[in-house]
Amino acid sequence: MRFSGHNRYHCSTAPTATATATLVVCICLALAVGLTQGDDSAEVIASGSRKWFCSQTDICRPEDELENGVGYLEEHFESQRDCRLSCGKYGSIWPMPTGVECSLSHERVHFDPWKVRFHVVAPSEATTQFLRETNRLFVSNLLKECTRNCTLASSKQILVRATVSSNSLVLDWRTDESYSMVLRTTETATFVDIQAATVYGARHSFETLSNLVTGSVSNGLLLVSAARISDRPAYPHRGVLLDTSRNFIPLRYLRSTLDAMAASKMNVLHWHVVDTHSFPLEITRVPEMQRYGAYSASQTYSRTDAVNLVKYARLRGIRILIEIDGPSHAGNGWQWGPAAGLGNMSVCLNQSPWRSFCVQPPCGQLNPMNDHMYAVLKEILEDVAEVGAPEETVHMGGDEVYLPCWNNTEEIVAKMRAQGYDRSENSFLRLWSQFHQRNLNAWDDINERMYPSIKEPKPVIIWSSHLTVPKYIETFLPKERFIIQTWVDSADPLNRELLQRGYRLIISTKNAWYLDHGFWGSTSYYNWRTVYASGMPMGNHSSQVLGGEACMWSEFVDHNSLESRIWPRAGAAAERLWSNPKSSALVAQQRFYRYRERLLARGIHADAVIPRWCVLHEGRCL
Amino acid sequence: MMMMDSFWRFWSFSGPLRTRQGLRYLFKMSLAVSLRRALLVLLSGAIFILTVLYWNQGGGKTQAYSEALERPHSHKDGTAFPIPVEKFWTYKCENDRCMRVSYHAGKSAKRVSFITCSMTCGYVNIWPAPTIKSLVSAQTTSFSVEIVQLEMDTPHREVRKQLQLAFDSFLKDLRQIQRLDYATSPAEMGESESSSWSSNNDMVGAATSGQRRSGGLESLLVKISVQKSGDVDFSLDNDESYQLSTITESHRLLVEIKANSFFGARHGLSTLQQLIWFDDEDHLLHTYVNSKVKDAPKFRYRGLMLDTSRHFFSVEAIKRTIMGMGLAKLNRFHWHLTDAQSFPYISRNYPELAEHGAYSESETYTEQDVREVVDFARIHGVQVIPEIDAPAHAGNGWDWGPKRGMGELAVCINQQPWSFYCGEPPCGQLNPKNNHTYLILQRLYEELLQATGPTDLFHLGGDEVNLDCWAQYFNDTDLRGLWCDFMLQAMARLKMANNGVSPKYLAVWSSALTNTKCLPNSQFTVQVWGGSTWQENYDLLDNGYNVIFSHVDAWYLDCGFGSWRSTGEAACSPYRTWQNVYKHRPWERMRLDKKRRKQVLGGEACLWTEQVDENQLDNRLWPRAGALGERLWSDPSDDHDLDIMAPEVFRRISLFRTRLVELGIKAEALFPKYCAQNPGECI
């Protein structure tokens, strides 16, 4: 029996009117499940009944393949996955914990996931409820690890006590995501004691706990019997960018991306929801955007979809950061201006030959000389503010503005002349920066009205661009208000120079973390080792680095290949951002392969990275 | 209390999945008098739990979090048809191009869907393009799949049987294309303009219930005539040509497919399928009133290879692949069944091979599985060519000889350091001096030939022998001679396995061995996998070998994902785009004369699976294998520069990709959807 990932809460929270009937069904099914709980999972432990051993060099080997001259621990294991639980300092925990303490016992307890009990100690109703929900997610993930029948006749209880000290549900760059966890097993039960500042730290600890579990070759699950782990992320911004405009990505795949991110302790989904190509997001205040911009009525995200997605993400410790790209990368969706008497809000739209008007077809750029455009954009931002959590900010895009587009548009040039601009590059840059400044003012205004309790103005994010070159940036973009997401090559000095000037950065190294590369032009593919090895800026100003994002632009992927393009590679970025390890991918590989298998178990179609034989025969394919 | 709470929550995890079955179960229970009491107990239990749950409901803000989870997910999920309906747009045909125009119901004239515009504007959209003639009428007509009937005119019983199966499969595809088994949302039906913007476009019943119109046709009869050949076994001499014509008279459409063999007739059906499309305005299938296609392939061997040893692939995934091949008129499925990594085939005579060599019990193929694949492939016009690679690329699975008193069947199995003894880990090479090894091979050949049926082409593998491996065991001064002897011995065994007849074409991979002349050119065909500019291409042809091109620099679909090992460079980056696959015409670039050109049997794209498993099989293969299909079937001339494609090809392959997705193959996106909706704009 496989458990549906998406419907699993239906019963327990069903509306009262239908609850009785549903519950009866649930009980019947529960009985049926109890009786017939075989597993039709394709994952089969290949080891048969061989014993496995863990070497001092962190290699798991079956008994008939032990090497002479290599020391092995006395403890033996029933399978490779069992061995991997505690072989090596970090076992199969992904990303690796960063605290001084990480000790894992080699003994395991055999348990039944139905026998896990939670005790939540949290300061408020809201946080308690939140933790209960994460407990359920945790158990449903445990069930996916079962290789055979999950139930076990004689299982000890696993008592999980999670203590959270803060009653805040705020998730932003200042959220304390640390946790510590102590596991011990007595004759009567296994006790898991979790301490975390926030609910988000606590949910990460459940993720770690799930990494200490694997299916048993007989029924039930195995859990490391004792452990001490303390952990906190190296960076507060650990993201995946997902573009849903070039090709539409159905909601279900947004959710699966969130599931995989949760499994990797990533915490920001940068939703590049709109672009020139299409405008799938519903803007309740301006329904024309979607009506004129979506590929089709079914390839859209409604307000409810978006709000639910934000909630779905929060329960998994993930923020959704919506990007409304502009002034470039905007077009389809904006074409109704003239008909509505609002003038041209976008220019160069779908122009051809496209090479004269933009960097990528179809063309389109917002008209910075049209006040109606700003008014509409403000309404869009208002919607965005409403959809997100109160503390959430917005990504304003701001990359790849193609100045010749504006320069070739008579309407714009004429108004510029009237306002005293010349047609120098500097003029256009000023125009461009004013675009961002006006939108920032609008954003502040919206937030003051909508969330008066938040006193501090929120910084916004924009891409590195011509506007962010070190010699201009301070003129155009105040560092208190603009966080720069850089997407330059690893060799580019931009990161260092912006850090020196006091800017906060989010790093998306183009030649390592652009997951779409390798399938077009002269770009090349970055395998997980390259993604893993891509370093973060270090030095005096490194505290201004908020983190990074792996970017999934969707020109050449849609839901058919999305999951395998992102995963497991984004997981390598996840460890870079959570742990920022000094060690290489070589040391991480066994853990990484196990991490990939967990993704598969959770229903993510992650790419294969090595022949299966090599996964089963550790250290033999170097 | 908390314990109780979490306990029940766990149970309810399995709830909604099988609600219907649950109700049925419940119903059955209530029928049984003896179980009524149980039901009562359950009911009261439910009420108790309900009370508990109700009492436990947290108030305030966080309640919202659980609402997000309970909400049934929208119609965009689950079993929705893989292609969305796009009622936003209507299309106008201008200069042989479909132009997208915003459409709002009621305002303008009748909406024209993208596919209907594409099929009636400009080029004939058949992939691969017919080579002799293709004409379609401007006038189209509509029908529903139920009226499609078959009439066969053939004296051959076996052909009749296979044609019927092929036709059944054709109907199944049409049914899928017409979306008869899918629900549609009101938004997609365009029933209510205002509600199409709300999010709760719930599923309604089947698209067609009670409102399907029957279309413009009263009957559609497919008349297939195969007179000449009664062969349903594959050979390179199969005549795959066909003629197709459709004529409509007073609402009766007659499709005539004439072919000299079953294989040609099958291709005719496949072409017919591409002359039919689904229109979302009337929810009917559409086709041309009149059409005429005359078609024959340029190359006889149009192959696709899948390696099932580096990773295992289910029979279902293999069948899906073969279905795609049929649509692209690829005709040879080269099944690289085994390699050094694993031996998934359960041999009747030597089950030890799989017992010792498969990744797990479930990652295996039985003889029955192979037969199932073969039967399925036949009705899709695809021959299955299994390969047991030897003497190299064999290791795991061959290690039990000594235990059975048969001596070492293979040597160097999993030997380290691997780089001394093989091209990639794990190592392993068959023992060329053990008669048991040959006997096992003979039995394997026998079993596989029985499963695939008579053939004039068999693949013996034969590449990348590492002489240093053998040198550890054998003192022969001429180890290459040993390798050659091995291949000749394998050939002899194959002959024995094949009732004393050696198949006319014995395929081996190109290697150091094929650069010598030790393998007789009258019998051996070389699958050339080296670079397309290498000298060996010319030498092999000069030496009189027949060749199948699988150049690594164009037709290796696994390339471009970096090195999977921690050491060493990526073997064959970069990725081959569909344009690379399509534009590769080695026979042109090499300027082959007529004689040498005849030695080129065709080509094959290879998918080695070090970095692929079932999770991404479809998108690694498609639509790129489709590009190969057209290259080998039609071999269109190409005067463009290296990276320029004719806009017409973009349009057709985009539609072909849609057809793949329509049939459930998760083909990769070719470009942003915008470019698909606006043909020509992104070029």
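The conversation below takes several labels in turn and sets each value against its cut-off.

Mentor: Gladly, and please keep in mind throughout that this is a predicted model.

Trainee: Why is A:Glu400 called partly exposed?

Mentor: A residue is buried with 20 or more other C-beta atoms within 10 Å of its own and exposed with 12 or fewer; A:Glu400 has 15 such neighbours, so it counts as partly exposed. The UniProt annotation "active site", from an unreviewed entry, covers A:Glu400, and such annotations may be inferred rather than shown by experiment. A:Glu400 sits in the loop between β18 and α9 of chain A, and, leaving aside neighbours within four places in sequence, it is in contact with A:Ser328, A:His329, A:Val359 and A:Ser465.

Trainee: What makes A:Cys348 count as buried?

Mentor: The cut-off for buried is 20 or more neighbours, and A:Cys348 has 25 C-beta neighbours inside 10 Å, so it counts as buried. This cysteine lies in the loop between β16 and β17 of chain A, and its phi is near 60 degrees, a positive value in a residue other than glycine. Most residues other than glycine have a negative phi.

Trainee: Why is B:His251 called partly exposed?

Mentor: Partly exposed is the range between the two cut-offs, 12 or fewer for exposed and 20 or more for buried, and B:His251, with 14 C-beta neighbours inside 10 Å, therefore falls in that range. B:His251 also has a positive phi, near 65 degrees, and is placed in the loop between β7 and β8 of chain B.

Trainee: Which peptide bonds are described as cis, and with what omega?

Mentor: The bond from A:Trp94 to A:Pro95 is cis, with omega near -5 degrees, and another cis bond, with omega about -5 degrees, joins A:Pro361 and A:Pro362. A:Pro95 belongs to the loop between α2 and β4 of chain A, while A:Pro362 is in the loop between β16 and β17 of that chain. Most peptide bonds are trans.

Terms used: Residues numbered from 1 in each chain as written. Chains lettered and ligands numbered in written order. Predicted model: local features only at pLDDT ≥ 70, side-chain atom pairs only at ≥ 80, totals over all residues. Helix = DSSP H or I, 4+ residues; strand = E, 2+ residues; numbered from the N terminus. Contact = placed C-beta atoms within 7 Å.
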